[in-house]
Amino acid sequence: MASTFSDANETRSTTLTEVEPSLEARERDSDAKSGVIEKADEVDVEKTANAVSGPDTDAPPDGGFAAWLVIFGCACGGFATFGFANAFGVFQAYYQDRIPGATQSTIAWIGSLQYCLIFLPGLPSGHMTDKGWLKLPLLTGSIVLVAATFLIAECKQLWQLILCQGFAIGGAAGFVFPPSLTVVPQWFDKRRGQAYGILAIGSAVGGTTLPIILRKLLDSVGFEWTVRILGFILLALLAIFNLLVRPRKTYHKHELPKTPLATLFKNKPLMIYTAAITVVWLGMYTPLGFFDVSAQRIGVPASRSFYTIVAANAASGIGRFSSGFWADYLGSMNVLILFSSIAGLMAICWPYAHSFPSLLVVAILYGFSSGAFISLLPSAISYMVPRHQLGRAIGLSSTIMSIGALVGNPISGQILIVSGGFNAVGGWSGGTIFLAVMLMMVSRRLALGGWKGKY
C-alpha cells in the first residue's frame with residue numbers, strides 16, 4: 001500500500017516536472033510572437049497588417065492570370081459606378097436650363113446623393129463580404145443600377161431625378177463598388193498599390209469617355225435615348241464585372257475569428273484617417289462638379305466646356321495608375337498626402353484661370369493629383385487592419401465618409417449662389433483638402449509612432 005502511494009507521488013512529481021517546462025516554453029513562444037509583432041509595428045506598419053492577417057495564412061499570389069482578371073472585372077465595376085458619378089458634370093450643365101425650378105445647388109444634390117450612396121451602404125455590404133457573401137451584393141446592386149439608369153429617361157421633374165439618379169443609382173452602386181475593393185488584398189500583397197491603381201483606372205476611363213459620349217448623344221439623339229444607350233453600356237460592363245470578380249478563398253463561419261465592430265472604433269489611426277477622408281469629400285469633388293459650369297461662365301461654349309471634365313478625368317487616370325506604383329515603394333499614406341496637397345493647391349488656383357487654355361491646365365493638374373485619392377483610399381486602410389476585418393473596415397470608413405460626399409457639392413453650390421463667383425468656392429474646396437491632409441498626417445504619426453517611415 002505504501003509502495004503504491006510512493007509510486008503515485010513519483011508519477012505526479014514527474015508529470016508536474018514535464019508540464020512546467022512545457023508551460024514555460026509556451027509562454028516564451030507567446031512572448032516571442034508578441035515581440036515580433038511589436039517590432040514589426042515599429043519598423044513598418046504594412047508588415048504588421050500582413051503578420052496578423054487572420055485565418056488566411058497562405059500568401060496572396062501577387063499576380064497571375066486569375067488575379068489580373070479579378071482586377072479587370074473590378075475596373076469594369078468602377079467604370080459603371082464611379083465613372084458614371086464622375087461624369088455628372090455633364091448632367092449638371094444640362095439640367096440647369098431644362099429642369100423647372102432647378103438651381104445649381106438643388107441640381108448638385110443629385111450628384112452628391114450619387115457619390116454619398118456609393119459609400120453609405122459600405123458597412124452592411126462590407127460585413128456581407130467578410131462573411132463570404134460577396135456575389136449577392138454585387139449581383140443585386142448591378143441589377144438595380146441598370147434598371148434605375150433606364151428609368152432616368154422617363155424623369156421629367158427634379159424630384160424624379162433625385163429618386164432615380166440620386167437614391168436608386170447611388171444606393172445600388174454602394175453594393176457594387178466598396179465590396180469589390182475588399183477582394184484585392186486576397187490576391188495581392190507586395191503589389192497591392194499597383195493593383196488598386198490599375199483598378200481605379202476603370203472609373204477614370206468612365207469619367208473621361210462618358211462625358212464625350214453623353215454630350216455627343218445629347219446633341220444627336222436627345223436625352224431619352226442618350227440615357228438608354230448609357231444603360232446598355234452599363235449592362236455590358238456589369239455583366240463582365242459579375243463574371244470575373246470573385247474571392248480567392250471563401251471562409252466557413254467557424255474559420256473566422258470574432259471581431260466586434262467596437263475593435264475598429266478603438267483603432268485610432270483608422271478612425272482619424274476616416275475623419276480625414278470625410279473632410280476631403282467636402283471639397284475634393286467640387287472642381288470636377290463645376291469645371292464645366294465655370295468654363296461657361298468665362299465664355300466657353302457648352303460644346304467645348306465639357307472638355308474640362310474630360311481633361312481632368314483623363315489626367316486622373318494617369319494619376320491613379322502612377323500613384324499605385326509609387327505607393328508600393330514609398331507607402332500608400334505618404335503618396336496620398338503628397339498628391340492631396342497638390343490637389344488642394346490646384347483647387348485654390350482654379351477660380352483664377354480666366355481663359356480656356358489656363359482652365360484646361362488647372363483641370364489636368366487637379367485631375368492628376370486628385371486621382372490618387374480614389375486609387376489609394378482603400379490601399380491605406382488595407383494596412384491598418386487584418387485581412388479578415390478589411391470588409392468591415394472599408395465599409396465603416398465608407399459609411400462615415402458618405403456624409404462628406406453628401407453635403408460637399410451642395411455646400412459649394414450654395415457658396416456659389418451667395419458669393420456670385422468661384423473664388424470662394426475654390427477657397428472652400430482647397431481649404432477642406434488641406435485640413436484633411438493634416439488629419440492624414442496625424443493618423444500616419446500614430447500608426448508609425450514617429451514621423452519617419454514607410455506607411
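Modeller: Happy to! A cavity here is a set of points, on a 1 Å grid over the protein atoms alone, where a 1.4 Å probe fits but cannot get out, and its lining residues have an atom within 4 Å of a point. Please keep in mind that this is a predicted model, where local features need pLDDT of at least 70 and side-chain atom pairs count only at pLDDT 80 or more, while totals for chains, interfaces and linings use all residues. Residues are numbered from 1 along each chain as its sequence is written, and side-chain values use heavy atoms, with hydrogens and water left out.

Let's look at the second largest cavity. Ala85, Asn86, Phe88, Gly89, Tyr115, Tyr285, Leu288, Gly289 and Asn409 line this cavity. Its volume is about 50 Å³, a volume being the space filled by probe spheres set on the points, which are joined across faces, edges and corners. At least two lining residues come from each of α3 (65-86), α4 (88-95) and α15 (286-297); helices are DSSP runs (H or I, at least four residues), numbered from the N terminus. The lining has five nonpolar, four polar and no charged residues, where Ala, Val, Leu, Ile, Met, Phe, Trp, Tyr, Cys and Pro count as nonpolar, Asp, Glu, Lys and Arg as charged, and the others, Gly among them, as polar.

From that lining, follow α3 to its packing with helix α12 (residues 222-244). Their axes are 8 Å apart and the angle is about 150°; axes are lines fitted to C-alpha atoms, over the stretch in contact, and angles run from 0 to 180 degrees between N-to-C directions. α3 and α12 are therefore roughly antiparallel to each other, the term for angles over 145 degrees. α3 passes α12 in a left-handed crossing, with the near helix turned anticlockwise from the far one by less than a right angle. Contact means heavy atoms within 4.5 Å. On the α3 side the contact residues include Phe72, Phe79 and Phe84, and on the α12 side Leu230, Ile233 and Phe241 are among them. By class, this contact has 16 nonpolar, two polar and no charged residues.

For another pair, turn to helix α18 (residues 332-349) and helix α19 (residues 356-382), whose axes come within 8 Å and cross at roughly 150°. α18 and α19 are therefore roughly antiparallel to each other. Their crossing is left-handed. Among the contact residues are Phe339 and Met346 of α18, and Tyr366 and Phe373 of α19. The contact of α18 with α19 has 15 nonpolar, four polar and no charged residues.

Definitions and conventions:
Parallel < 35°, antiparallel > 145°, perpendicular 65-115°, else oblique. 1 Å grid on protein atoms, 1.4 Å probe; cavity = no way out; pocket = protein on both sides within 12 Å on 5 of 7 lines; lining within 4 Å.
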